[in-house]
Amino acid sequence: MARIKNIELPNEKHTCIGLTAIYGIGRNLANQICDDAKVERTKKIKDLTEDEISALRKEIEKYDVEGDLRRDVQMSIKNKMEINCYQGIRHKKGLPVRGQRTSRNARTRKGKGKVVANKKKVGK
């Protein structure tokens, strides 16, 4: 089992797909890393040689991934919250940050719906 940046890559997947298990590496970057490291994209992770794994490690070192990237993202969010910009205020309130509607959706950010008591209707 290949281990890169303290992440165990899934053995049964192709190299370009398996690399996406690392935070900060998507499909495009994974393909680019495979090309730069001269590793076949369709080769399974379990079939990689030690030389190929070390070439992938060396290529991944050029990018911010995993802990460093997570830290950078958290620091930028914290900075926005401190300077009270619009996005920072939305982060503080737990509302969607990027302009989505909140009147009917946004359950991921807002959490489970709160029950509002209905007023009794006056009968005619």
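A salt bridge here is a side-chain nitrogen of Lys or Arg within 4 Å of a carboxyl oxygen of Asp or Glu. Keep that cut-off in mind, and select Arg 71 and Asp 68: their side chains meet in a salt bridge, 3.3 Å from N to O.

Some ground rules before moving on. You're looking at a predicted model, in which local features need pLDDT of at least 70, side-chain atom pairs count only at pLDDT 80 or more, and totals for chains, interfaces and linings use all residues. Residues are numbered from 1 along each chain as its sequence is written, and side-chain values use heavy atoms, with hydrogens and water left out.

**Stop 1: the charged pairs**

Stay on Arg 71 and Asp 68. Both belong to helix H4 (residues 66-82), and being three residues apart there puts about one helical turn between them. Helices in this tour are DSSP runs of H or I with at least four residues, strands are runs of E with at least two, and both are numbered from the N terminus. Asp 68 is partly exposed, at 35% relative accessible area. For that scale, buried means under 20%, exposed means over 50%, and partly exposed is in between (1.4 Å probe, protein chains only).

How many salt bridges does the structure hold? The count is eight. Side chains of opposite charge can pair when their charged atoms come close. Next, pick Arg 41 and Asp 35, whose side chains form a salt bridge with 2.7 Å from N to O. Arg 41 is partly exposed at 34%, and Asp 35 is partly exposed too, at 42%.

**Stop 2: Glu 52**

Now select Glu 52, which is found in helix H3 (residues 50-60). Is Glu 52 buried or exposed? At 17% relative accessibility, Glu 52 counts as buried. Lys 43 itself is partly exposed, with a relative accessible area of 23%.

The Glu 52 side chain also reaches the backbone nitrogen of Thr 49 at 3.0 Å. That is a polar contact: a pair of N or O atoms within 3.5 Å, where within protein one must be able to donate a hydrogen and the other to accept it, and residues adjacent in sequence count only if both atoms are side-chain atoms. Leaving aside neighbours within four places in sequence, Glu 52 is in contact (heavy atoms within 4.5 Å) with Val 39, Lys 43 and Asp 47.

**Stop 3**

Zoom in on Leu 56. Not counting residues up to four places away in sequence, Leu 56 touches Ile 4, Thr 15, Leu 19, Ile 33, Cys 34, Ala 37, Val 39 and Leu 48.

**Stop 4**

Select Asn 31 in helix H2. Asn 31 is buried, with a relative accessible area of 17%. Beyond residues up to four places away in sequence, Asn 31 touches Cys 16 and Arg 41.

Then go to Thr 42, in the loop between H2 and H3. The Thr 42 side chain makes a polar contact with the side chain of Glu 40 at 3.1 Å.

Lys 38 is in the loop between H2 and H3, and its phi is near 60°, a positive value in a residue other than glycine. Lys 38 counts as exposed at 73% relative accessibility.

Asn 6 lies in the loop between strand S1 (3-4) and strand S2 (7-8). Its phi is positive, about 60°, although Asn 6 is not a glycine.

Finish on Tyr 23 and Arg 70. The charged end of Arg 70 sits over the Tyr 23 ring, 4.1 Å from its centre. The test for this is NZ of Lys or CZ of Arg within 6 Å of the ring centre and within 35 degrees of the ring normal.
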